[in-house]
Amino acid sequence: MITSAARAADRHVMIVGAGFSGTLQAINLLRHEGPHATLIERQPHAGRGIAYSAAHPDHLLNVRAGNMSALPDDPDHFLRWLARHRPELGGFVPRIVYGDYLADLLRAAMERAEGRLTLIRGEAVDAERSGGGYAVTLDDGRRLAADTLVLAPGNLPPHEPPALAGAGLDPDLYAPDPWSGNVADGLAADDRVLIVGTGLTMVDVALLLDARGFRGRIIAMSRRGLLPHAHADQTMGAPLQQRPPLRPSELLRSVRARTGATGWRPAVDALRPFTQDLWLGADAEGRRRFLRHLRPWWDIHRHRLAPRVAERIAAMRADGRLDIVAGKLAGADVRDGQVDISWRPRGADTLRTLRVRRIVNASGPQGDLARTGEPLLRRLLERGLIRPDALHLGIDVNPQSEAIGASGQADSGLLVIGPMTRGTFWEIVAVPDIRVQTWSVARRLSNAHWVEGEGL
C-alpha cells in the first residue's frame with residue numbers, strides 16, 4: 001500500500017472545461033500541491049467561461065464583491081485584488097472584471113507551481129476507461145490519458161422551446177444562444193424583439209440590446225412572468241439557531257414567519273448555510289414538490305439583481321421599451337422577414353398573435369442529458385459512465401461529486417463539478433458554493449491514499 005503525499009503527486013488529473021469551475025479546480029489543485037493536472041478548454045482563453053467572456057461592461061455580478069473571493073480559506077482575497085487593480089470599483093462589480101481576476105489568479109498559481117499544470121486548447125469529444133484511469137479524445141484526434149477525469153461543463157445552452165421546433169427560423173430571426181454576441185445585429189428602431197424567459201439571462205440580453213443602441217420594443221415572456229428582485233442596502237439578519245424544517249410546506253411557513261420579523265431578504269439569506277443540507281436531506285417527492293410549486297419564487301428571491309441593474313430594467317419598463325408578460329408560446333410562422341408568434345396569456349383560453357423581428361432564447365441553462373448536444377457528455381452517457389440525476393437537472397453524482405454511472409455505482413476516478421451537479425446539491429450555481437466544492441475535491445485528490453492498481 002502506498003499512502004504518501006508523493007504518491008498522490010505522481011497521479012495525473014485531467015480537467016475538461018476551463019470556465020469558473022474548471023479553472024478554480026486547477027487553481028485549488030496547485031494550492032494543495034496535488035497531482036499534476038491538465039486543463040482542457042475549447043475557447044481561446046482559460047478562466048473566462050460564458051459568464052465572464054460573453055459579458056458586456058453593463059453586466060454586473062449578482063453578488064457583492066465582499067463575498068466573491070474565489071478562495072474559501074481567504075474570504076477577502078477578491079477585495080484585496082480589487083484594491084490593487086481596480087480601486088475605483090466596489091459593491092457589484094462588472095463581470096468582465098471578475099474574469100480578469102480569475103485569469104490573474106490562474107496565472108499566479110501557475111507561476112508558483114511551475115510545470116504542474118498544462119493548458120491545452122481543444123474540445124474533448126470522447127472519454128473511456130483505460131488502464132485504471134481514463135483516456136480522453138480531442139476533436140483533432142489527440143488521445144490523452146489521466147488517472148482521474150474531472151468534468152466541468154458549466155451551464156449548457158438553453159433547450160429550444162417546443163413551439164419553435166420545426167419553424168424553420170434562420171439565424172437572423174432566432175438566436176438560440178443568448179450569449180452569441182450578435183443578438184442586436186441588424187435591428188431597426190421600430191423592430192420588436194421577443195426574449196423567451198424573464199430571469200437573469202433575460203436581464204443580460206435586455207441590457208445588451210440597450211447598450212448596443214437598440215431603441216425598439218422588447219417583450220420578455222415566461223409562463224409566470226416573474227422578474228428577479230433586487231438586492232437592497234441592508235445587513236443580514238441574525239443567523240438561524242437551528243436547521244430549518246425539511247418539508248417544503250413547513251419550510252415555506254418558517255420563511256414567511258421570519259419575513260414578518262426581519263424582511264424577506266434576510267429571511268432568504270439566512271437559509272444559505274443550510275440550503276445544500278436541506279436539499280441533500282429531502283426525499284425525492286419533497287424535491288419534486290419544491291421544483292413544481294416553489295422553484296420560480298425561490299429563483300426570483302434568491303438570485304437577485306444588482307441595484308443599478310434593477311434600476312435600469314425599471315427605467316426601460318417605465319419608458320415602454322420592455323414589457324414582461326406571462327404566457328406560453330404556441331407556434332411561430334415566418335412572414336415577410338419577421339416571425340408571427342402565437343401565444344396564450346396565462347389564465348386565458350384563446351391565443352394571441354405577436355409579430356417580432358427576432359426571438360432570443362433566454363429560457364435558462366439546460367440540464368437534461370438526454371437533450372444535450374455536447375459530444376463528450378453524449379458519449380459518456382452512451383457508454384454508461386454518467387447518467388441523468390433523478391430530476392433531470394444535470395449529471396448524477398454522490399455527495400463527494402463522484403459521477404454515478406448507469407450501473408448505479410459511483411466512480412471515484414470520474415468527478416463532476418459546477419452547475420451540472422445541481423440535482424445533488426441544488427445550490428451549486430454561484431461562486432460561494434462552487435469555490436467550496438472545488439476546494440473539497442482538490443483536497444481529496446491531493447491527500448489521496450492510493451492502493452496500487454486501485455482507485456481512490
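How do α2 and α5 lie to each other, roughly parallel or roughly antiparallel?

Author: A word on the basis comes first: this is a predicted model, in which local features need pLDDT of at least 70 and side-chain atom pairs count only at pLDDT 80 or more, while totals for chains, interfaces and linings use all residues. Residues are numbered from 1 along each chain as its sequence is written, and side-chain values use heavy atoms, with hydrogens and water left out.

Helix α2 covers residues 20-31 and helix α5 covers residues 95-112, where helices are DSSP runs of H or I with at least four residues, strands are runs of E with at least two, and both are numbered from the N terminus. The two helices pack at an angle of about 30 degrees, with their axes 9 Å apart; axes here are lines fitted to C-alpha atoms, for helices over the stretch in contact, and angles run from 0 to 180 degrees between N-to-C directions. Therefore α2 and α5 are roughly parallel to each other, a label given to angles under 35 degrees, with over 145 being roughly antiparallel, 65 to 115 roughly perpendicular and the rest oblique.

From α2, the residues F20, T23, I27 and L30 make the contact (heavy atoms within 4.5 Å), and from α5 they are Y98, L102, L105, L106, A109 and M110. By class, these residues are 9 nonpolar, 1 polar and no charged, where Ala, Val, Leu, Ile, Met, Phe, Trp, Tyr, Cys and Pro count as nonpolar, Asp, Glu, Lys and Arg as charged, and the others, Gly among them, as polar.

A nonpolar core is a set of buried Ala, Val, Leu, Ile, Met, Phe, Trp, Tyr and Cys residues joined through side-chain atoms within 4.5 Å, and buried means under 20% relative accessible area, with exposed over 50% and partly exposed in between (1.4 Å probe, protein chains only). This core has 66 residues, and F78, Y98 and L149 have the most contacts inside it. Apart from it lies another core, of 30 residues, including V193, M202, F214 and A230.
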